[in-house]
Amino acid sequence: MTRTARIRRACGTHWYAWAMTAPVVLVIGVIIGIPLVRGVYLSLTDANEANVERSIGMNHLPATYRFTGLANYRAVLTDDVFWGRLGWTVVWTVGCVSLTFLTGLALATLLNRSLRGRTFYRLALILPWAVPAFISVFTWRMLYNEKNGILNKLLAGGGIDAVPWLNDPVWAKLSVIAVNVWLGVPFMLVALLGGLQSIPGELYEAAEMDGAGAWQRFRHITVPGLRAVSGTVLLLSTIWTFNMFPVIFLLTRGGPGDATEILVTYAYRLSFVDSPRNFSASATWGVVILVLLALAAAGYRRALRRQGEVW
Amino acid sequence: MARTRTRTRPRSARHPLASAGLHLTLAAATVIAVFPPLWLLITSFKPRNDAFTTSLVTHFTLGNYTHVLAGTSFLRWFGNSLLVVGLTTVLGVFIAATTGYAVSRFRFPGMRPLMWLLLLTQMFPVAVLIVPLYNLLAALGLLNQPAGLVLTYLTIAVPFCAWMMKGFFDTIPVEIDEAGRVDGLNPFGTFWRLVLPLARPGLAVTGFYTFVTAWAEVAYASAFMTGEENLTLAGGLQTFVNQYTNDWGSMTAAAVLIAVPAALVFAFAQRHLVAGLTAGTTKG
């Protein structure tokens, strides 16, 4: 078969599929692809506020930044700030994802039984998802307010000193993690509850017949039964948490100092907050974040595959 | 989901003490989940000087609401948001469904890279794309246009939705497609007339997810929409913060009003949430 004939045949068989996926590929290609290529290019230059193309009054100044090869990457990887931020970002991600997952799993297990008020509990526990995140974060700021927030007023009622929720480096770290867990539990809960409901009840009955205790049933039926759901959910939530810009930015702006600054908020600070705005460094941080996540996802997928999950 | 079959052991098997512990745990979790939004709602009915009192509403007032609705451009921003988010939801659900269907039913060259592409887009640090994206939208003449924001929102919501829809279509028997083909429908016809109606719970979940994601988006909205009359709620609320630094009363009222549409969509979709999301994540 000649090459053209083969291509024509492929088009004939697959054009339905291609036509159906075309809109998504097109939108992602243009809206993410072009900026991404441009971002990678910027990361190889020394572009900043002072040398990019810009207009000052009537004068139009052309871009004067130069290609600098991998210099930015070398600078980032030898920078203590980067490793410090990376350390906290990893702590933040692991802390948030594991707490969210365990809380979600515990609540889903409790809800997956016949009990009075099940629907009410389920609705109430998913509620944080229905409130837009920036509204919730705003609310939490109000609750955390050191002088007037209700949390400290309640503590004062119990004779406990005011806690500097967002103004002390350690407390601020705990506070942002708490808010993110609060925001993330509903998604976990819903996904895991669905996973639990898809495990056939006969398995539990059979195990009980054979004298398996509650823990053994959980260990040998529930955990394997949830593997598929938790595989996907853990991967997604790790990615989302690693890049969780709004929670940190709206709650603490990365402060106090840079105590709660994760990689993404730092990259944002470089190109939007700091002066002069350093576009190339910001782009470099962005590319590094992307590479880190892609590597983590690839490793994770390989690990899943070894256990027999394929996607 | 009140009517789902519960494959659990009969209630008689549980000790009363265990039952009490179960309810106590769930009640505690419920309080933690519900308290912040509830407190927001309560505060919004307090006169602005009482915003930080710990008591419940002592002087009930709608003053915060009337101020927000009549004294600011809130309604205009609200309309802008509805337009952008509505368009995003309709378009997003549609293209997520076609993509999910293609990936679920056909084996075609480029399918694996496509799945990877969908996952990869979840990894882009939004904050870093903003500058190049701003330049791109400016070049396309889409700054300050609802269309520009709709396009960018699609890239945020659609990848995950396409994954969910794929999982959902995987649960619909292939025999239905075959029956359609026998009756002379082409793949588009099969998809549109036979499979899509069966996937309604999946569509509800996808729609909910897209709506909530777009409704809550802040970074793009405040970077790409400027000028009082173009702002969406996220951006509008920020001018609000600067304008009324200490006016927590108006802020809470605005926050409650913003949360209402999301809550309505939630109420509509929540019946399907568990089934829809699970199909997506297990089979994804």
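**Note on a predicted two-chain model**

1. The largest nonpolar core of this predicted model has 153 residues. Those with the most contacts inside it are A:Leu189, A:Leu192, B:Ala157, B:Cys161, B:Phe208 and B:Ala255. A nonpolar core here is a set of buried Ala, Val, Leu, Ile, Met, Phe, Trp, Tyr and Cys residues joined through C-beta atoms within 7 Å. A residue is buried if 20 or more other C-beta atoms lie within 10 Å of its own, exposed if 12 or fewer, and partly exposed in between, with C-beta atoms placed from the backbone.

2. Helix 6 (residues 146–170) of chain B gives the most to this core, with 16 residues. Domain 1 (11–65) and domain 2 (68–283) of chain B both give residues to the core, so it lies between them. Helices (H or I, at least four residues) and strands (E, at least two) are DSSP runs numbered from the N terminus; domain bounds come from an automatic or database domain assignment.

3. Residues are numbered from 1 along each chain as its sequence is written, and chains are lettered from A and ligands numbered from 1 in the order in which they are written. Because the model is predicted, local features need pLDDT of at least 70 and side-chain atom pairs count only at pLDDT 80 or more, while totals for chains, interfaces and linings use all residues.

4. Leaving aside neighbours within four places in sequence, B:Ala157 is in contact with B:Thr88, B:Gly92, B:Tyr209, B:Thr210, B:Thr213 and B:Ala214. Contact means that the C-beta atoms of two residues, placed from the backbone, lie within 7 Å.

5. Chain B is divided into domain 1 (11–65) and domain 2 (68–283). Their contact takes nine residues from domain 1 and ten residues from domain 2. On the domain 1 side, helix 1 (16–44) and helix 2 (63–71) of chain B are the elements that give two or more residues, and helix 1 gives the most, with four residues. That side divides into four nonpolar, three polar and two charged residues. Ala, Val, Leu, Ile, Met, Phe, Trp, Tyr, Cys and Pro count as nonpolar, Asp, Glu, Lys and Arg as charged, and the others, Gly among them, as polar.

6. Between the chains, 80 residues of chain A are in contact with 74 residues of chain B. Helix 1 (residues 3–43) of chain A gives the most to the chain A side, with 18 residues. The residues of that side divide into 58 nonpolar, 19 polar and three charged.

7. Chain A has 13 helices and two strands. Its radius of gyration (taken over C-alpha atoms) is 25 Å, well over the 19 Å that the globule rule gives for 311 residues, so chain A is more spread out than a compact globule. The rule is 2.2 Å times the number of residues to the power 0.38. The C-alpha trace of chain A spans about 80 × 80 × 35 Å along its principal axes, and buried residues make up 39% of the chain.

8. B:Asn144 lies in the loop between helix 5 (126–140) and helix 6 of chain B. Its phi is near 65°, a positive value in a residue other than glycine. B:Asn144 counts as partly exposed, with 16 C-beta neighbours inside 10 Å.

9. On confidence, pLDDT is the predictor's confidence in each residue, from 0 to 100. Chain A averages 84 and chain B averages 81. Over residues 1–12 of chain B, pLDDT stays under 50. The model scores ipTM 0.80 and pTM 0.84.
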